[in-house]
Amino acid sequence: MTAIAIAPASPKDILVAYRAEARAAAAFANVPGDRSLFPGLGIAPTGMIYSRGKGLQYHALNAPAVPLTPDVLEKALIEPLASTVVPDAKTWAKVLVMADNMPSTDFKALGRRLRISRGLPVSLKLPILTEALSYRYWLPDTLTETSFDDWAEAFNVKGPSVAFTMRSLIALAQAGTRPTALKYEVAVKAMEDMERKIMEQAAWGGISNDCYVYSMLEGFSAKANGLRTIDPGLLEMHVIDGQACRIVPMNSDSREFSASVSSPFKLKEGKKVRLTDGKEIAEVDLRALRFGAGALHAVFAQPSARGAGLLMVTRARKLEAKLYAVDGVFESFGSGPKNKRWLSDDVQKVTGREVPLDVMLAGAPTTD
């Protein structure tokens with residue numbers, strides 16, 4: 001009888017199986033299961049947008065609902081600490097249609113800013129509730145993660161109105177921990193500031209301005225992805241896709257330590273990485289990679305004695321706790337654009353200008 005070799009499952013297949021098992025467990029328990037430990041909504045919502053009849057309503061959480069207008073929407077995008085929640089992607093698409101139908105000279109390219117907002121890994125200014133919930137919880141596999149009604153059914157919070165149901169689901173999406181040691185609040189505040197600046201600056205075109213916006217988008221995305229990677233509830237899942245690496249420290253001296261590493265391994269030599277046990281965090285250098293006994297080992301610099309890093313490494317070496325390594329978070333906040341050929345100093349950011357309608361429309365897209 002000839003033996004048939006079976007190829008090992010790929011990380012993608014393992015991740016699909018992991019998700020399927022988690023959603024099946026939620027179905028068995030008949031309630032959504034915890035997925036992450038961080039909240040699904042980064043900052044406290046200040047308002048909601050939802051459909052009513054053929055129109056859209058804006059409902060500040062401390063005031064009655066009013067019809068959504070472009071000026072209200074623009075204020076929501078650029079007002080400090082404002083976070084306006086949209087129930088699902090279908091409603092968000094209606095918001096974009098409304099913005100696209102307004103004269104760009106009157107509302108400073110509102111549709112352009114909304115498209116940029118939708119392209120972020122996660123928006124703090126205009127989050128979609130179903131996406132925030134799917135980040136925070138495992139929905140039973142009998143229901144659809146993109147469906148607002150399915151989330152309401154899963155939590156049994158469907159009320160007499162969309163606003164009532166949204167308030168209940170928003171409270172559930174806000175549930176989670178905000179550990180100071182993992183710098184959660186600091187990272188979220190920086191992301192909120194950066195997204196607001198992006199929304200202010202993205203109203204205008206031009207190569208220099210586009211480069212500046214792109215720089216901020218890169219910084220925002222890196223911060224958002226970095227924060228999600230160290231979410232204690234997602235670490236084991238990220239080990240599967242390689243965003244995090246589980247390490248077991250072995251040989252150690254005063255300057256560095258070696259450790260066995262999980263696969264797939266995506267960290268690079270000569271780069272800064274962050275060690276975390278899900279409670280604390282420490283930054284170190286990944287100095288070298290070595291192969292021995294058919295396995296990959298990494299050599300890290302010893303963490304500073306001033307923080308929790310040494311204790312984390314010691315506990316992991318004694319197998320008293322798990323330890324993970326993730327990429328360092330890109331900390332750039334974006335810099336003012338320079339035009340070195342003609343100017344010797346920073347180009348001032350645009351805060352307001354009048355643009356003729358024919359000039360504005362000359363660069364407008366003709367298709368979606």
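Mentor: Before we turn to this predicted model, one term is needed: a helix here is a DSSP run of H or I that is at least four residues long, and helices are numbered from the N terminus.

Trainee: What separates Trp 151 and Phe 155 in helix 7?

Mentor: Helix 7 covers residues 148-155, and because Trp 151 and Phe 155 are four residues apart in it, about one helical turn lies between them.

Trainee: What makes the aromatic pair of Trp 151 and Phe 155 stacked?

Mentor: The planes of Trp 151 and Phe 155 stand at 15° to each other, and planes under 30 degrees apart count as stacked; their centres are 6.3 Å apart, which meets the limit of 6.5 Å for a pair.

Trainee: How many aromatic pairs does the structure hold, and why is the pair of Tyr 18 and Trp 138 called edge-to-face?

Mentor: The structure holds five aromatic pairs. For Tyr 18 and Trp 138 the ring centres lie 6.2 Å apart and the planes stand at 65°; since an angle over 60 degrees counts as edge-to-face, the pair takes that name. It joins distant parts of the chain, with Tyr 18 in helix 1 (residues 11-29) and Trp 138 in strand 6 (residues 137-138), 120 residues apart.

Trainee: How do you know whether Tyr 18 is buried, partly exposed or exposed, and what of Trp 138?

Mentor: Tyr 18 has a relative accessible area of 30%, which falls between the limits of 20% and 50%, so Tyr 18 is partly exposed. Trp 138, by contrast, has 6%, which is under 20%, so Trp 138 is buried.

Trainee: What makes you say that the charged end of Arg 35 sits over the ring of Trp 138?

Mentor: The charged end of Arg 35 is 4.4 Å from the centre of that ring, and the distance has to be within 6 Å, with the position also within 35 degrees of the ring normal. The charged end of Arg 118 likewise sits over the ring of Trp 92, at 5.6 Å from its centre.

Trainee: Why are strand 4 and strand 5 said to stand at the edges?

Mentor: The open sheet of four strands has the order 4-3-2-5, with mixed pairing. Strand 4 (65-67) and strand 5 (84-85) each have a single partner strand, so one side of each is left without a neighbour in the sheet.

Trainee: How do you know that strand 2 and strand 5 pair?

Mentor: Two bridges join strand 2 (residues 47-52) to strand 5, and pairing asks for at least two; the two strands run parallel, and Gly 47 stands opposite Thr 84 in strand 5.

How values were computed
Residues are numbered from 1 along each chain as its sequence is written. This is a predicted model: local features need pLDDT of at least 70, side-chain atom pairs count only at pLDDT 80 or more; totals for chains, interfaces and linings use all residues. Side-chain values use heavy atoms; hydrogens and water are left out. Rings of Phe, Tyr and Trp (its six-membered ring) pair if their centres lie within 6.5 Å; planes under 30 degrees apart count as stacked, over 60 as edge-to-face and the rest as tilted. Buried means under 20% relative accessible area, exposed over 50%, partly exposed in between (1.4 Å probe, protein chains only).
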